[in-house]
Amino acid sequence: MPAVTLRDIRERLRAHPHAVDALIAVGTFCCILLGASTEPHGPDGQPRFAEREISGQTVLLAALSCGVLALRRRAPMPVLALTGAISVLALAAGEGPTGGSAPEAPLVSAAVIALYTVSNTTDRRTSWQVGAVSVGVLTGASMLFGARPWYAQENLGIFAWTALAAAVGEAVRNRRAFVDAIQERAERAERTREEEARRRVAEERMRIARELHDVVAHHIALVNVQAGVASHVMDRRPDQAKQALSHVRDASRHALAELQTTVGLLRQSGESTAPTEPAPGLEVLDDLVEGFRNAGMSVAVEAPPPAGGPPLSSAVDLTAYRVVQEALTNVHKHAGSGAHAEVRIQRDAEALEIVVVDDGAGTTHTVPDEAADPADGDEPGRAAGGTGGHGLVGMRERAAALHGVCETGPLPGGGFRVHVRLPLETTAPRKETPA
């Protein structure tokens, strides 16, 4: 059989509180009868057990007091009032002290237990008030009707036991409240950790979704246009078609490389490692612009070198590159290959500003509709002033993640404008400015 530990016994007792109260009531009844039959001062100065005869009145009052004590958890205040009244009535109606002590004095034990229960289950103010009244009433009754003289040790013992019961009940209640508060804080901290973990997972999922969207939208748009050009001039100008197919191959190769880099972040430990090349930034902006120029779009870049200062952080550098990439992709997709776009990048001591403006004067090649990028959906948003589409939403999310501002909208004379301002240092979150 497995050994039964003290903790197991305590848990079993907590599971049956009313049975515990019944055992306490029976034990208190036995102690009262033992104390009533004991002569505390024998001829040799030692107590003598079973030396005094117990009256039927004492047994009846003890049974009534202990029987009520079994209900102390359900109604602590009435139980205290009833047990205290029985103790005072027994002392007042008793035969008086015999040999210097009163045989009815042990009845106070039930009131002491009831007082502990009240102090343990009520608030501090009630505990102190009820404790003071109980100590005064029980001690006063014992001094008036109990042992002689009034300062006998039995009377002082009643004062000590009642005061101790009130103090111990208050201490146990405070400790229980302290333990409950610690447990509640631990549970709240655990919930906070779980919420933080879920928030970080959601942010990482959103970041990967933005990366995938930008890579797919840019390269697939270029592949779509170049494939349309190759199909259009295949019969009449095969050299130009061959050049367009070469651009398709380069764009698809770059798309696969960036997809491999992004998806590699999702690999688990033990699988093949993800590529370690750095994320794209403004250093490779010329390659990005050259790809659009090869697709037939006119792009002018104005990016004066910064006048000193530390290099851009990886987050700001990547966000600036993705903003330019998405903006030019939207120009090429919606304005056409003959459109003219201007990219202006300016850096000051506080922020990096990116402005992409197009004239909207291009002509779209005739290509199948099903070849268009289904994941972007920026056409309705561009026509409506930048209120819809995943591409524009992605730019706003990227800017907001760095506490920046993204403004998009059509120009009065035609065309479209994208303006993004990214702070170089993390500051207080700034609200997004609508178009």
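Q: How many bridges join strand S1 to strand S2, and do they run parallel or antiparallel?
A: This is a predicted model. In it, 5 bridges join S1, residues 298-302, to S2, residues 340-347. The two strands run parallel.

Q: Which residue is the bridge partner of Val299 in S2?
A: Ala341 is the partner of Val299 there.

Q: And S2 to S3, how many bridges and which direction?
A: There are 7 bridges between S2 and S3, and these strands run antiparallel. S3 covers residues 351-358.

Q: What is the bridge partner of Gln346 in S3?
A: Glu353 in S3 pairs with Gln346.

Q: How many residues sit between S2 and S3?
A: 3 residues lie between them, and the two strands form a hairpin.

Q: Switching topic. How many disulfides does the structure hold?
A: The count is 0.

Q: What about Cys31, which cysteine sulfur is nearest?
A: That of Cys30, 6.9 Å away. Cys31 is in no disulfide either.

Q: Is Cys31 buried or exposed?
A: Cys31 is exposed, with a relative accessible area of 52%.

Q: What is the relative accessible area of Cys30?
A: For Cys30 the value is 46%, which makes Cys30 partly exposed.

Terms used:
Residues numbered from 1 in each chain as written. Predicted model: local features only at pLDDT ≥ 70, side-chain atom pairs only at ≥ 80, totals over all residues. Heavy atoms only, no water. Disulfide = S-S within 2.5 Å. Buried < 20%, exposed > 50% of the residue type's maximum accessible area, 1.4 Å probe, protein only. Pairing = 2+ DSSP bridges. Helix = DSSP H or I, 4+ residues; strand = E, 2+ residues; numbered from the N terminus.
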